Structure formats: structure tokens, C-alpha cells
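Hi,

Here is the structure I said I would pass on.

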Amino acid sequence: MSIRIKKNSRLRFSQLRVIDGVEFWDYPEWPELPIQDDDVSHTVKQGDRSDTIANTYYGDPALWWVVSLANGLDLMPTYLNEGDALRIPSPRYVLQEVFKKAVT
């Protein structure tokens, strides 16, 4: 099966597998998000979600999983606690380096 995955999708770190005719995504090999000098600290405000935060810092809400992964959050968090400080991995590092290492 041929499938096209968007450039910033978390699925780029997984492989599509087929066993007995059943397709599934295997467990992803997440990229490392080492602490960088230009990481950003974000204080959660009312109404913030990981996708809106990703859009603010990376210009792409599809990178919500980077914010979640860096902060040990559920990959689909339903809420963030107002006032919590989140580490936003360096936009430079994420946009230039992370996807160079993605499974293609």
C-alpha cells in the first residue's frame, strides 16, 4: 500500500505494518529532543492546547506532539493546567533537525 504522510506528521517516526492483511502503525521511534540553548519556556494560559501552542512556536499545529513529547504529556492531552510551565523545544532544532532523522 502506498500512503503519503505529511512532512510534520508524527507518523514519519513509525512504519506501516501489515500482518495477516491487517494494517497498523508500529510503535514509533520518537526523536530525541535534547535541551537546547534556544528552547523556550511557555506558561500555559486558559484555553491553551498543545496544537495551538505548536502553531504559535512552530507555525504548524500538526507539531502538537513535539510539545507533548517534550513535556511528558499524554500524546492526546485533553487539557493543560493553567499556570504550568512547558518546555518548547527549540523551533530552530525542531524545524531543521528533527525531520532529517525521520523514517521515510
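This is a predicted model: local features need pLDDT of at least 70, side-chain atom pairs count only at pLDDT 80 or more; totals for chains, interfaces and linings use all residues.

Residues are numbered from 1 along each chain as its sequence is written, and side-chain values use heavy atoms, with hydrogens and water left out.

The protein chain has three helices and four strands, arranged along the sequence as β-β-β-α-α-β-α. Both kinds of element are DSSP runs numbered from the N terminus: H or I of at least four residues for helices, E of at least two for strands. Of the 104 residues, 34% count as buried; buried means under 20% relative accessible area, exposed over 50%, and partly exposed in between (1.4 Å probe, protein chains only). Among contacts (heavy atoms within 4.5 Å) with a separation of 6 or more, 59% join residues 24 or more positions apart.

Now the core. The largest nonpolar one (buried Ala, Val, Leu, Ile, Met, Phe, Trp, Tyr and Cys residues joined through side-chain atoms within 4.5 Å) has 17 residues, and Tyr58 and Leu63 are among those with the most contacts inside it. At least two of its residues come from each of α1 (50–58), α2 (64–70), β4 (85–88) and α3 (91–96), with α2 giving the most, five residues. Tyr58 is worth a click: leaving aside residues up to four places away in sequence, its contacts include Val66, Val67, Ile88, Pro91 and Val94.

There are three salt bridges in the whole structure, each being a side-chain nitrogen of Lys or Arg within 4 Å of a carboxyl oxygen of Asp or Glu.

- Asp38 and Arg92 pair up at 2.9 Å, N to O. Asp38 lies in the loop between β2 (22–25) and β3 (40–43) and Arg92 in helix α3, so this pair ties together parts 54 residues apart in sequence.
- Asp39 and Arg87 meet at 2.7 Å, N to O. Here the β2–β3 loop, which holds Asp39, is tied to Arg87 in strand β4, 48 residues apart in sequence. Asp39 is buried at 18% relative accessible area, whereas Arg87 is partly exposed at 21%.
- Asp51 and Arg49 meet at 2.9 Å, N to O. Arg49 is partly exposed, with a relative accessible area of 45%.

Cheers
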